Amino acid sequence: MKNLKINYYVLAIVIVSVVTFSCNKEEYVEPVSVSDAGAIITDEVKSQFKELGFDASDITLTGYEEVLDPDYESGNYLLEGDIAIKPEDIKGMLGSSLYYKGPVGEQYHTYNLVFSLPRTISIIGYTGGSLALDNTMKTALSWAVANYNALNINMNFSLTFGTNYGPHDIVVYKVSGPGGGQAGFPSGGDPYKYVRIQDGTSAYGTNVVEHVITHEIGHCLGLRHTDWFNRSLSCGVGGSEVDAPPGAVHIPTTPSGYDPNSVMLACFTTSESGEFGYYDRVALEYLY
């Protein structure tokens, strides 16, 4: 029995006993700039994210102090606890000609995927100063990269450790926090560049950190939360199914129904193995 539910970015630790506690397309509206004094998240922006199948009930704006690249990482929308979306990407997601509506519970992707295949995805584990990965995170990142290289896809994943992160496709680094991570979706055919892992995650062991890193890299490649339609399935609270989710595209060959073994569930537990579920592998091998 899973005793703890942990949200990927806004951490929610939950003890399960008798009661569980936890954690036609619209016209594009120009997002509010977070550089403006008193910037707010408008109802129009929330409506757009709902149209895309996101639970916008906990939407916030990113404005981190611990970042490697403020221009890239700050001033984005943060949804469902761990997904950062650049304001300029909303229009493309809403305007895509792809559409799916059907059973819920399968693996899903966004319209933002990685292109120019086959290709090598270069990943660096950051080792500089206070944002350096700890030893548990380094080992977990190595295991996570091995998970991806074991897939039968048109991507190869290289891994290095260091501080020269500029040339790399994905940068994994440590920030302060009780546990979890955060990443985003591809943009312009390239993976989302930055994966942030909270330092408290290491307290749960290497397998859990491996799980979180594997999950966040999944977002970088375009995977949605498997339970995007109802986050309470893995978190205990949050999220409800929307009627028309053009930003949550079902991946064929993955089944209907809740998949408790998916690495892409919105929340995780302290007993995670760190490995892909069967249909996570099926989904990635179908996409890539």
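How many bridges join strand S8 to strand S10, and do the two run parallel or antiparallel? The views below come from a predicted model.

**View 1. Strands S8 and S10 pair side by side in the sheet.** The answer is 5 bridges, with S8 (residues 170–175) and S10 (residues 194–198) running parallel.

**View 2. The open sheet has 8 strands.** Read across, the order is S2-S3-S4-S9-S10-S8-S6-S7. Pairing is mixed. The edges are taken by S2 (60–61) and S7 (155–162). Each edge strand has a single partner, so one side of each is left without a neighbour in the sheet.

View 3. Is Glu80 buried or exposed? Glu80 counts as buried, because its relative accessibility is 0%. Ser116 belongs to the loop between S5 and S6. Ser116 is exposed, with a relative accessible area of 61%.

**View 4. A cis peptide bond lies between Leu117 and Pro118.** Omega of this bond is about -5°. Pro118 is placed in the loop that runs between S5 (108–109) and S6 (119–126).

**View 5. Helix H5 spans residues 206–220.** H5 has 15 residues. From first C-alpha to last, H5 reaches 21 Å, close to the 21 Å expected at 1.5 Å a residue. How many of the H5 residues are buried? The count is 13 of 15, so the helix is mostly covered, buried meaning under 20% relative accessible area. Cys220 counts as buried, at 0% relative accessibility. H5 is followed by Gly222, which has a positive phi near 110°.

**View 6. Asp227 sits in the loop between H5 and H6.** Helix H6 covers 232–235. Asp227 counts as buried because its relative accessibility is 0%. Which side chain makes a polar contact with that of Asp227? The partner is Ser234, at 2.6 Å. Leaving out residues up to four places away in sequence, Asp227 touches Leu233, Ser234, Tyr258, Met264, Leu265 and Ala266.

**View 7. One disulfide, Cys235 to Cys267.** The structure holds 1 disulfide. Its S to S distance is 2.0 Å. The link is right-handed, with 95° about the S-S bond. Which parts does the pair tie together? Cys235 lies in helix H6 and Cys267 in strand S12 (residues 267–268), so the link ties parts that are 32 residues apart in sequence. Both cysteines, Cys235 and Cys267, are buried.

Terms used. Residues are numbered from 1 along each chain as its sequence is written. This is a predicted model: local features need pLDDT of at least 70, side-chain atom pairs count only at pLDDT 80 or more; totals for chains, interfaces and linings use all residues. Side-chain values use heavy atoms; hydrogens and water are left out. Helices (H or I, at least four residues) and strands (E, at least two) are DSSP runs, numbered from the N terminus. The expected span of a helix is 1.5 Å times one less than its number of residues. Buried means under 20% relative accessible area, exposed over 50%, partly exposed in between (1.4 Å probe, protein chains only). A polar contact is a pair of N or O atoms within 3.5 Å; within protein, one must be able to donate a hydrogen and the other to accept it, and residues adjacent in sequence count only if both atoms are side-chain atoms. Contact means heavy atoms within 4.5 Å. Two strands pair if DSSP finds at least two bridges between them. A disulfide is a pair of cysteine sulfur atoms within 2.5 Å.
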